[in-house]
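Q: Could you walk me through this structure one feature at a time, giving the general idea before the particular case?

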Amino acid sequence: ILPSDCSGRLEPFSAVAPDTSSAGTKMYSYVGSSPAAQVKVSDSPAYGKLPPPAVEKKGVMVYRAGERVGFSELKHHVGWMEKHPSNGCVYAAGSGKLRAYKVAADGMLEEFSSADALGNPAHFCLSADGAWALCANYSASTLSVLPIAADGSVGAATDSKHHVVRLNPQLADRQEACHPHQVRLDPGSGAWALACDLGASRVWVYAFDVARGSLAGAANSERHLLLPEASGPRHLDFHPTKPWVYVLCELDGNIVGCRWDAEQGRLTPFGSYYTLPDGVSPCRAHHSGGSHVLVSADGRCLYATTRTDGAVVAFNIDTATGELAFKQRVPCGGVCPRSFVLDYASPGGPLLLVGNQDSQNVASFSVATDGSLSLRSIEELDGVCPNVLTAPA
């Protein structure tokens, strides 16, 4: 959608109509590719322990009911992927653009639209109504908002934020500039955009105008959450029923629990929880710290992946206070666990699926009723370094 005149009324682009039949995205899940990571970084935990992969395919593995059905080859790797909430399309970031894909009857993807994301997104999210995509552009230090038309096509950006702050030169190994790594919309109201900035050690909080696709807030707003300067916040997740947000910090190994005021758009920290074993220091090398965090659908457990020690760590959540208590740590089943999803559609019970980037595999963990994990299987991906996973349904 794009403004057609000064009245603010919105009209759709004209483009190839997406596939919205029962062969759309709900029955399929996807694994998007990337280059290898730690094995190419000399000061990372895995360097020299595993040779770089001989093949790094570009594209998306396609699954139906947990079974691989094919590989959609692309000209680029995939920074992030999301299924649209209603139009049957899949959206992916790659080579500086947000791209829209039709889903064929066999689950294969066909690109039909793209637009400049004003950087190369490490992450993006779609608004609940599917009308907007918000992108976090790591290297460009920008956030951008792009419209999604009624036919599924992606339009030119309607707004952006460019971040520049004074940083500590002693931390320039990773924090020489602002590096937005993730952006999420408040799932309750959709009125606030929260962006984790690894370089600035901030969570930027902007008001989001869903009618105009705009972000409001000054760089010095008191809404932005300033964390310890070496923390490097990477990803966050919202509790499904309580006003709590959990921020995973890549560089210092902590998860920061925050109370979320959805009326004012304010985060207030209430606790910090270390994700690594006692005596293990976080590695600040690229691709080597904490990577992803998710809260379970029932709100009782939190999971995070830690690449310093190659593990998945689980915490119990106190349902009265939001405080975390360590529960379990399990090996990730490979090397460099970048992304994971919780799959509640599996006929054998809930699964946690971890994409191990450098070992080119996906490890499946069964999730018990108390939230504990046990390794179920490991699937080799035949030349694909998994960067991002989507769950079915």
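A: Let us begin with strand pairing: two strands pair if DSSP finds at least two bridges between them, and the elements themselves are DSSP runs, with helices (H or I) of at least four residues and strands (E) of at least two, numbered from the N terminus. This is a predicted model, in which local features need pLDDT of at least 70 and side-chain atom pairs count only at pLDDT 80 or more, while totals for chains, interfaces and linings use all residues. Residues are numbered from 1 along each chain as its sequence is written, and side-chain values use heavy atoms, with hydrogens and water left out.

Q: In S29, which residue is the bridge partner of valine 354?
A: The partner of valine 354 is alanine 363 in S29, and S28 pairs with strand S29 (residues 361–367) in the antiparallel sense over six bridges. The hairpin of these two strands has four residues between them, and there glutamine 360 takes a positive phi near 55°. S28 also pairs with S27, again in the antiparallel sense over six bridges, and here leucine 353 of S28 is the bridge partner of valine 341.

Q: Is strand S28 (residues 351–356) buried or exposed?
A: A residue is called buried under 20% relative accessible area, exposed over 50%, and partly exposed in between (1.4 Å probe, protein chains only). Six of the six residues of S28 are buried, so the strand is largely enclosed by the rest of the structure. In a regular strand the side chains alternate between the two faces of the sheet. In S28 both faces are covered, with Leu351, Leu353 and Gly355 buried on one side and Leu352, Val354 and Asn356 buried on the other.

Q: In what order do the four strands of the open sheet lie?
A: The order is S19-S20-S21-S22, with antiparallel pairing, and the edges are strand S19 (233–238) and strand S22 (266–274), each of which pairs on one side only. Neighbouring strands of this sheet are turned by 25° against each other on average, direction ignored; such angles, on a scale from 0 to 180 degrees between N-to-C directions, come from axes that are lines fitted to C-alpha atoms, for helices over the stretch in contact. Strand S21 (residues 254–261) and S22 are joined over eight bridges in the antiparallel sense, and valine 256 stands opposite serine 272 in S22.

Q: How many salt bridges does the structure hold?
A: A salt bridge is a side-chain nitrogen of Lys or Arg within 4 Å of a carboxyl oxygen of Asp or Glu, and the structure holds 13 of them. In one, the side chains of aspartate 173 and arginine 284 meet at 2.7 Å, N to O. Aspartate 173 lies in the loop between strand S13 (159–162) and strand S14 (180–185) and arginine 284 in the loop between S22 and strand S23 (290–295), so this pair ties together parts that are 111 residues apart in sequence. Aspartate 173 is partly exposed, at 46% relative accessibility.

Q: Which residues are linked in a network of salt bridges?
A: The network links Arg174, Arg234, Glu250 and Arg307. Within it, arginine 174 meets glutamate 250 at 3.3 Å, N to O, and arginine 307 forms a salt bridge with glutamate 250, the closest N and O atoms being 3.4 Å apart. Arginine 174 is buried at 4% relative accessibility, glutamate 250 is buried with a relative accessible area of 1%, and arginine 307 is buried at 2%.

Q: Which residues line the largest cavity?
A: Rolling a probe the size of a water molecule over the atoms shows where empty space is left. On a 1 Å grid over the protein atoms alone, a cavity is a set of points where a 1.4 Å probe fits but cannot get out, and lining residues have an atom within 4 Å of a point. The lining of the largest cavity consists of Gly79, Trp80, Ala122, His181, Arg234, His235, His292, Arg338, Ser339, Asn387 and Val388. S19, strand S27 (337–343) and strand S31 (385–389) each supply at least two of the lining residues.

Methods:
1 Å grid on protein atoms, 1.4 Å probe; cavity = no way out; pocket = protein on both sides within 12 Å on 5 of 7 lines; lining within 4 Å.
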